[in-house]
Amino acid sequence: MGYSDQRFDVNLSILFTELPLLERPAAAAAAGFTAVELWWPWIDTATPEQSELDALKKALEDAGTQLVGLNFYAGQLPGPDRGALSVPGEESDRFRANIEVAADFAASVGCKALNALYGNRVEGVDPQIQDALALENLVLAARAADRIGAILLVETLNKPESPLYPLVSAPAAIEVVDKVNAATGLGNAKFLLDIYHLSMNGEDVSQVIAEYAAKTGHVQIADNPGRGAPGTGELPLEQLLDELKKAGYDGWVGLEYKAADAAASFEWLPAEARPAR
């Protein structure tokens, strides 16, 4: 057990960020990884030019890397925003405009998981109005994901770093997942279980795993405190991933941690455990 029997992918929106986007897949490949994930790479637009999408597809293919997770448009992320789909007005419109663009791009590179960040609470807007809008948009996103044979992910973030984000516990995200599945009948909405965020919220991660592994579609890790590589903090990440495996989760584990030198930060993971299996 342990790290060697997991399927890891590198999040290219938080690691290798010293490089231009199109050079990051090759950098991940040079470090021994064959699977990667991304936040929506174009923070200024939900609908980039086709040439930009084609260039990213080519960079992924040339590096021999498989994209296994992609965020829908999420506003200024990294930055002040935490998603767009529950934010009335222009942001919700941008999210809707992005749905088919993101799904079509995911289909073009064989990506089977699309993450829809919920969005922050907006001052002066009734939370119930935001939640109704969110459900509407998530239903559209779930249908688009289903069209390409993908799952839709709903993520819990952490309150200290995302104080305006309403989904700051595993049950809160699971409730949304269940509502989306009830509304679509598709069953393709899943929980994105981020061990770092759960631990920052003070949740019992082992209990969350035991309770919700069956509804989990993707996992992300970083150590805590510090959001660094495994071994830089105090989380028993190897043990927690074993618990996930025993609970039946056999999906991807995204490396979504911060490191000044990404290539040097992978020393905790043996070279033979890095390629996708």
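Two strands pair if DSSP finds at least two bridges between them, and in this structure Asn-11 stands opposite Glu-37 in S2. Keep that idea in mind as we walk around the barrel. This is a predicted model, in which local features need pLDDT of at least 70 and side-chain atom pairs count only at pLDDT 80 or more, while totals for chains, interfaces and linings use all residues. Residues are numbered from 1 along each chain as its sequence is written, and side-chain values use heavy atoms, with hydrogens and water left out.

**The barrel**

- Helices (H or I, at least four residues) and strands (E, at least two) are DSSP runs, numbered from the N terminus.
- In the order S1-S2-S3-S4-S5-S6-S7-S8, 8 strands close into a barrel with parallel pairing.
- On average, neighbouring strands of this sheet are turned by 30 degrees against each other, direction ignored; the axes are lines fitted to C-alpha atoms, for helices over the stretch in contact, and angles run from 0 to 180 degrees between N-to-C directions.
- The UniProt record (unreviewed entry) places "domain: Xylose isomerase-like TIM barrel" at residues 26-269; such positions are given in the numbering used here, feature names are shortened, and annotations may be inferred rather than shown by experiment.
- Over residues 26-269, the chain is 41% helix and 14% strand, with the end C-alpha atoms 19 Å apart.

**Strand partners**

- Strand S1 (residues 7-11) pairs in the parallel sense with strand S8 (residues 252-255) over 4 bridges, and Val-10 stands opposite Leu-255 in S8.
- S1 also pairs with S2 in the parallel sense, over 2 bridges.
- In strand S2 (residues 35-38), Ala-35 and Glu-37 point one way and Val-36 and Leu-38 the other way, and all are buried (under 20% relative accessible area; exposed is over 50%, partly exposed in between, with a 1.4 Å probe and protein chains only).
- S6 and S7 run parallel and are joined by 4 bridges, with Phe-191 opposite Thr-216 in S7.
- S7 and S8 run parallel too, joined by 3 bridges, and Val-219 stands opposite Val-253 in S8.
- S7 is largely enclosed by the rest of the structure, because 6 of its 6 residues are buried.

**Helix H7**

- The buried residues of helix H7 (residues 205-212) are Val-205, Val-208, Ile-209 and Tyr-212.
- These residues lie on the same side of H7 because they cover an arc of only 100 degrees around the axis, taken from the directions from the helix axis to the C-beta atoms.
- An α-helix has 3.6 residues a turn, so residues three or four places apart point the same way.
- The buried residues of H7 pack against helix H5 (170-184), strand S6 (189-194), helix H6 (195-200), strand S7 (216-221) and helix H8 (237-246).
- Asp-204 caps the N-terminal end of H7, with a side-chain oxygen 3.2 Å from the backbone nitrogen of Ser-206.

**Two buried residues**

- Asn-137, found in helix H4 (residues 127-147), is buried, with a relative accessible area of 0%.
- Leaving aside neighbours within four places in sequence, Asn-137 is in contact (heavy atoms within 4.5 Å) with Leu-85, Ser-92, Phe-95, Arg-96 and Ile-99.
- Ala-189 sits in strand S6 and counts as buried at 3% relative accessibility.
- With neighbours within four places in sequence left aside, Ala-189 is in contact with Leu-152, Val-177, Val-180 and Asn-181.

Key. A polar contact is a pair of N or O atoms within 3.5 Å; within protein, one must be able to donate a hydrogen and the other to accept it, and residues adjacent in sequence count only if both atoms are side-chain atoms.
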